[in-house]
Amino acid sequence: MFSGFLPPNMCLAGQLKFLGADHNNFTGPIPKTLKNCTTLVKLRLKGNQLTGNISEDLGLYPNLDYIDLSFNKIYGEISENWGKLQNLTSLKLSNNQISDSIPTEIAKATQLQELDLSSNELVGEIPKELGKMPLWVLKLNNNKLSSNIPIELGTLSNLEQLNLAANGLHGSIPEELEHCSRLIFLDLSCNTLSNNIPFQIGNLRTLQSLDLSHDMLSGELPNKLGFLLSLEILNISHNELSGSIPTTFSQMVSLTNVDISNNLLEGALPNIQAFVNASTEMLKNNKGLCGIGGTAKVYKAELPTGQVVAVKKLNQSEDYGMINLRAFKNEINALAQVRHRNIVRFYSYCLNPRHSFLVYEFLEGGSLAKVLRNESTAAGLDWITRVNIIKGVANALYYMHHECFPPIIHRDISSNNVLSDTDFTVRVSDFGTARIVKPNSSNWTSFVGTFGYSAPELAFTMEANEKCDVCSFGVVTWEVIKGRHPGDLISSISISSSALQILFKDVLDQRLPSPTNEVAEELVNIARLAFSCLDASPESRPTMQQVSRTCRLEFRHFQDHFTKYS
C-alpha cells in the first residue's frame with residue numbers, strides 16, 4: 001500500500017493505458033497531466049482520498065472502457081461529454097461529493113453496462129433515457145433524486161441489479177419493471193413510494209433480494225409475490241401494508257431472511273423456515289400475526305333445532321398434523337374446564353383421524369379486530385361500550401388466572417381472539433395455545449401467540465406465565481382506546497403521567513366525539529393501567545386481579561358520568 005500524492009508527471013510519456021491505484025492512501029488533487037492522457041483504457045483510483053473537480057480535472061479518453069473513482073473526495077458535475085465515450089462499459093463514481101443532476105446525454109454511451117453514481121449529492125430526475133442503455137447494473141441510491149421512477153427502466157432487459165434506495169422518489173412502483181427479466185437485486189427502500197405493490201413484481205422469477213422497506217406502500221400483498229421462488233431476502237417493513245400474507249408465500253422455499261415489521265398485516269404466518277425462524281424484531285408492530293399457522297377453519301352452521309353454532313374444523317395437513325392436533329386438544333382441555341360469561345361457550349367436539357371439530361356458540365358480532373376496522377361499527381362503539389369491552393376481557397383473564405384450579409394461561413390474547421355478540425358483550429376465544437399451569441411442571445415453551453400482542457420476554461426466555469397475558473391485555477386495551485393497533489406507541493411505556501394526559505387527546509379514536517373532561521380523566525386512568533401492563537419487566541406488571549378490580553372501579557365511574565350528563 002502506498003501513500004502521499006500521485007506523481008504529477010505520470011502521463012507525460014503519452015502512452016499510459018492502464019492506471020490502477022485502488023485502496024491506497026493517496027491524497028491531494030488528481031494530477032493535471034491525467035486530463036491529457038488520451039491513451040487511457042482503464043482508470044482505477046477507488047478507495048483513496050483524492051480531490052478534484054470531475055468536470056474540469058478529467059478529460060475525454062476516446063479509448064476508455066473502464067473507470068472507477070469511487071470512495072474519494074471528488075466534486076463537481078457529471079459532464080455531458082461522458083456520453084461521447086463509445087467504448088465505455090463501466091462508470092463508477094460512488095461515495096464522492098458529485099452534485100447537480102444526471103445529464104441525459106450520458107445515455108449516448110451506448111456500450112455502458114455498469115453505472116454506479118450512488119452516495120453522492122445528485123438532485124433532480126432520473127433520466128428516462130437510461131432505459132435505452134444496455135445496463136446490467138444501475139445504482140443511484142443515497143442521493144437526493146426526487147422524481148417518479150421512469151417506466152422506461154422497464155426496458156432494461158439485461159438489468160441484474162437496480163438500487164434506487166434512500167432518495168426522495170415518489171409515486172408508484174412501475175409495473176413495467178416486470179420486463180427486467182434478469183433482475184436479481186431490487187432495492188427501492190427509503191423513499192416515499194406509495195400505492196400498492198404491483199403484482200407484476202411476482203414475474204421477476206430470477207429475483208433473489210427484494211427491499212421495499214421504509215416507503216409509504218399500502219394495500220394488500222399481491223398473491224403473485226409468492227411466485228418468487230428464487231427469492232432469498234425479503235424486506236417490506238415500515239410501510240402501511242394490510243391484510244393477510246398470501247398463502248402462495250408457503251411456496252417460497254428459498255427464502256432465508258424476511259422482515260415484515262411495522263405494517264398493518266394480520267393472520268397466519270406461512271409455515272416455511274424463513275417465517276418460523278424470524279425474530280420478533282422482524283415481525284413486530286403489525287395488526288396481528290399468528291405464530292403456529294392456521295390450525296383450523298371456522299364455519300357457521302345451523303342445527304336441525306334451528307340453533308346457530310360455530311364449528312371449528314381441524315386442518316389435518318401432512319406436515320403440521322401433529323402440531324395442529326396438539327393445539328386442538330389444548331383447546332378442548334381448556335374449554336372443558338371454564339364457565340364464564342366473558343369466555344366463549346363450548347358445546348361439544350369430535351376427534352377422529354378423518355374429521356375433527358369443535359362446536360361452540362356463534363357470536364354474531366364477530367371479532368373485535370373486525371369491529372374496529374369497520375368505520376360504521378367502530379363509530380357505534382361509544383366510550384362506555386369500549387370500557388365495558390376492556391372490563392370483559394379483564395374479567396375473563398382474572399377468572400382464568402385466579403379462579404380456575406389449576407390456572408389457565410391463554411397465551412394468544414389479541415383483538416382477533418376477542419369475539420362479541422350484537423350488544424358488544426365480549427367473549428375470549430381460541431384456546432389452541434392455552435396452557436394449564438400444573439404444579440411443579442415446566443413452563444418453558446416454544447413461541448406461540450400473535451406478533452404485536454405477545455410479551456417481549458417470549459423472544460428470549462420462552463417462559464409462559466400469566467404475565468404474558470397481562471402484557472397482551474395491555475395491547476388490546478390500547479387498541480380499543482386508539483381504534484387500531486397501537487404500534488410504536490406501546491414502546492413508550494416510560495411516559496410520565498403528565499405527558500400521558502397531554503398525549504392522550506391525540507391518540508384517542510378520532511371516529512368518536514371527544515369525551516368530556518370527567519370521562520377523559522377516567523380514560524387516562526385506564527390508559528395508565530394499560531401502560532403498566534406493558535412494562536418490560538414481567539415482575540413489574542400488575543396481576544389480572546389488580547387489573548380487573550381497577551377496571552370495575554373505572555367502569556362504575558363511567559356509568560356515573562354518563563348518567564349525570566345524559
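## Helix α5 against helix α8

In this predicted model, helix α5 (residues 383-403) packs on helix α8 (residues 517-533) at an angle of about 25 degrees, and their axes lie 12 Å apart. That angle makes α5 roughly parallel to α8, a label for angles under 35 degrees, with over 145 being roughly antiparallel, 65 to 115 roughly perpendicular and the rest oblique. Axes here are lines fitted to C-alpha atoms, for helices over the stretch in contact, and angles run from 0 to 180 degrees between N-to-C directions. Helices (H or I, at least four residues) and strands (E, at least two) are DSSP runs, numbered from the N terminus.

The crossing of α5 past α8 is left-handed, meaning that the near helix is turned anticlockwise from the far one by less than a right angle (clockwise would be right-handed). On the α5 side, Trp383, Val387 and Ile390 make the contact, meeting Val519, Leu523 and Ile526 of α8; contact means heavy atoms within 4.5 Å. By class, that gives six nonpolar residues, no polar and no charged. Nonpolar covers Ala, Val, Leu, Ile, Met, Phe, Trp, Tyr, Cys and Pro, charged covers Asp, Glu, Lys and Arg, and the others, Gly among them, are polar.

## Helix α6 against helix α8

Helix α8 also meets helix α6 (residues 466-482): their axes come within 7 Å and cross at roughly 145 degrees. This crossing is left-handed too.

From α6, the contact takes in Val470, Cys471, Phe473, Gly474, Thr477, Trp478 and Ile481, and from α8 it takes in Ile526, Ala527, Ala530, Phe531 and Cys533. The tally is ten nonpolar residues, two polar and no charged.

## Strands around β17

Now for some strands. Strand β17 (residues 192-195) pairs with strand β15 (residues 170-171) in the parallel sense over two bridges, and pairing needs at least two bridges found by DSSP. Histidine 170 has threonine 192 of β17 as its bridge partner.

β17 also pairs with strand β19 (residues 216-220), again parallel and over two bridges. Here asparagine 195 sits opposite leucine 217 of β19.

## The whole chain

Zooming out, the chain has nine helices and 34 strands. Of its 566 residues, 52% count as buried, that is, under 20% relative accessible area with a 1.4 Å probe and protein chains only (exposed is over 50%, partly exposed in between). Among contacts with a separation of 6 or more, 53% are between residues 24 or more positions apart.

## How it was computed

Residues are numbered from 1 along each chain as its sequence is written, and side-chain values use heavy atoms, leaving out hydrogens and water. Local features need pLDDT of at least 70 and side-chain atom pairs count only at pLDDT 80 or more, while totals for chains, interfaces and linings use all residues.
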